[in-house]
Amino acid sequence: RERLLMKSFVAISGEKSFFDPNSPQSKAAEWIINEDPLNVNPCTFSGLAQRYAMVVFYFALDGDDWIYNEGWLGGTSVCVGWQKVSCDRDGLVSSLLLSRNNLVGKIPREVKELTGMQLFQAHDNEISGRIPTEIGLLQNMVGFDIESNKLEGELFFDELFELNNIQFFRASDNRFNGTVPWNNLITLFPNLKQFWIASNRFVGNIGTQIGQLQSLQSIFAYNNSLTGTIPSELGNISTLEYLDLENNLLEGAMPEELYGIPGLKRLILSNNLLTGTISASVGNLSLLTDLWLGNNLLTGRLSSDIGRVSLLENLILEENQLTGPIPSDLGNLQKLRYADLSNNVFKGVIPTSFFSLPDLKILYLNNNNLIGSIPPEISNAPALRDLYLNGNLLSGVIPEVLPGALLTLE
């Protein structure tokens, strides 16, 4: 029995994996041969490779210290009682839901034996090293989530592109580097819905063929070093709801086509090198809740059409070169909670319409060229917490605040 088991394990892992008695492979072999309550028969047990791979995974990622490990290394099938494991009707592991579970170590290449895997979720752990190329053998994979770990190296290796069924790809907040194959995503991941690669070390331009992904719902690529312009072809993705490219090195104008995406909810482009103006077409974004364009090189006037974005909650335009009066139409944004227009070149008076907004908590208008007096309507602001007006050309007296008014102001 032992000889037959070891022959199977060596065929999967290679002989060198067992030279170290403390390797995850050696520990897994030892457990299955001598400690496994199931006492598997290598001649009749059809799930041996899968069981071995799961036990290697357990030892490779310090399973004894997991928060959720009930049933692991128990005397049942991996499909029965092994916590956070699900299987399909054929007895193949179909999902591992191990997020926030204190996984520490490297993903072992033995995961290739989990051929039924559809969902691998392991975000917010301490997984390190590189993703094994064998992950590309899991061609039933639909969701792959390794966000917020310590993974490094190249993410988009050739074998990864065998995962043609991927819909949810989440790899943000790691240490991956290199370029992103934007122009090949339509061929490699044709069903992609979520593409999250933020907070890594990616470089290069965003390819124009990204616009061919007609199921894409979200792109999170903030906190990288992406360069070049924002492709106008993004406007072809009618399903896009979230576009976050903040904290990169993108330049040029914001494509007019972005304003034509009907379901766009969050447009986050702050902290880049964008130039040009904010188009009046911004008013077409009827579902937009967040518009973050701060810390760029934008110029021109803020169109009154911004007042048509009725669901807008957060408007971040600070640190640009925007001019002209602040549109009083901002007072139409009944859901506005946070407005930062500071450090621009706005002129004219403070619109009184700000102070009737029911949910406005933060209003930053400091460091502009605003004139006139502070409107007495400030006393009517029902939710205002922070109000910055310093660094302007305001005159007159500070309005009297009636008893019981501005109780939320800090």
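**Overall dimensions and helix packing of the predicted chain**

In the predicted model, the protein chain has a radius of gyration of 28 Å, whereas a compact globule of 410 residues would have one near 22 Å; the radius is taken over C-alpha atoms, and the globule rule is 2.2 Å times the number of residues to the power 0.38. The C-alpha trace spans about 90 × 50 × 35 Å along its principal axes. Of the 410 residues, 51% count as buried, where buried means under 20% relative accessible area, exposed over 50%, and partly exposed in between, with a 1.4 Å probe and protein chains only. Among contacts between residues at least 6 apart in sequence, 54% join residues at least 24 apart, a contact being heavy atoms within 4.5 Å. The chain contains four helices and 27 strands, defined as DSSP runs (H or I of at least four residues for helices, E of at least two for strands) and numbered from the N terminus.

Residues are numbered from 1 along each chain as its sequence is written. Because the model is predicted, local features need pLDDT of at least 70 and side-chain atom pairs count only at pLDDT 80 or more, while totals for chains, interfaces and linings use all residues; side-chain values use heavy atoms, with hydrogens and water left out.

Helix α2 (residues 24-35) and helix α3 (residues 48-60) pack at an angle of about 125 degrees, with their axes 8 Å apart; axes are lines fitted to C-alpha atoms, for helices over the stretch in contact, and angles run from 0 to 180 degrees between N-to-C directions. The two helices are therefore oblique to each other, on a scale in which angles under 35 degrees count as roughly parallel, over 145 as roughly antiparallel, 65 to 115 as roughly perpendicular and the rest as oblique. The crossing of α2 and α3 is right-handed, a term used if the near helix is turned clockwise from the far one by less than a right angle, with left-handed used if it is turned anticlockwise. On the α2 side, Pro24, Gln25, Lys27, Ala28, Ala29, Trp31 and Ile32 take part, and they meet Arg51, Tyr52, Val55, Val56, Phe59 and Ala60 of α3. By class, the residues of this contact comprise 10 nonpolar, one polar and two charged; Ala, Val, Leu, Ile, Met, Phe, Trp, Tyr, Cys and Pro count as nonpolar, Asp, Glu, Lys and Arg as charged, and the others, Gly among them, as polar.

The axes of helix α1 (residues 2-13) and α3 come within 11 Å and cross at roughly 65 degrees, which makes α1 roughly perpendicular to α3. This crossing is also described as right-handed. Leu5, Ser8, Phe9, Ile12 and Ser13 of α1 form the contact with Leu48, Ala49 and Tyr52 of α3, and its residues divide into six nonpolar, two polar and no charged.

Between α1 and α2 the packing angle is about 150 degrees, with the axes 11 Å apart, so that α1 is roughly antiparallel to α2. The crossing of α1 with α2 is right-handed. The contact involves Glu2, Leu5, Met6, Phe9 and Ser13 of α1 together with Gln25, Ala29, Ile32 and Ile33 of α2, and by class it holds six nonpolar, two polar and one charged residues. Within α2, the residues Gln25, Ser26, Ala28, Ala29, Trp31, Ile32 and Ile33 are buried, and the buried residues of this helix pack against α1 and α3.

Several loop positions were also examined. Asn223, in the loop between β12 (218-220) and β13 (225-227), has a phi near 55 degrees, a positive value in a residue other than glycine, and at 30% relative accessibility Asn223 counts as partly exposed. Asn247 lies in the loop between β14 (242-244) and β15 (251-253); its phi is near 60 degrees, again positive in a residue other than glycine, and its relative accessible area of 30% makes Asn247 partly exposed.

Glu159 is placed in the loop between β7 (150-154) and β8 (168-170) and is partly exposed at 35% relative accessibility. Leaving aside neighbours within four places in sequence, Glu159 is in contact with Thr133 and Gly136. Gly391, in the loop between β26 (386-388) and β27 (393-394), is partly exposed with a relative accessible area of 42%. Gly391 and Val93 are 298 residues apart in sequence, and their C-alpha atoms are 61 Å apart in space.
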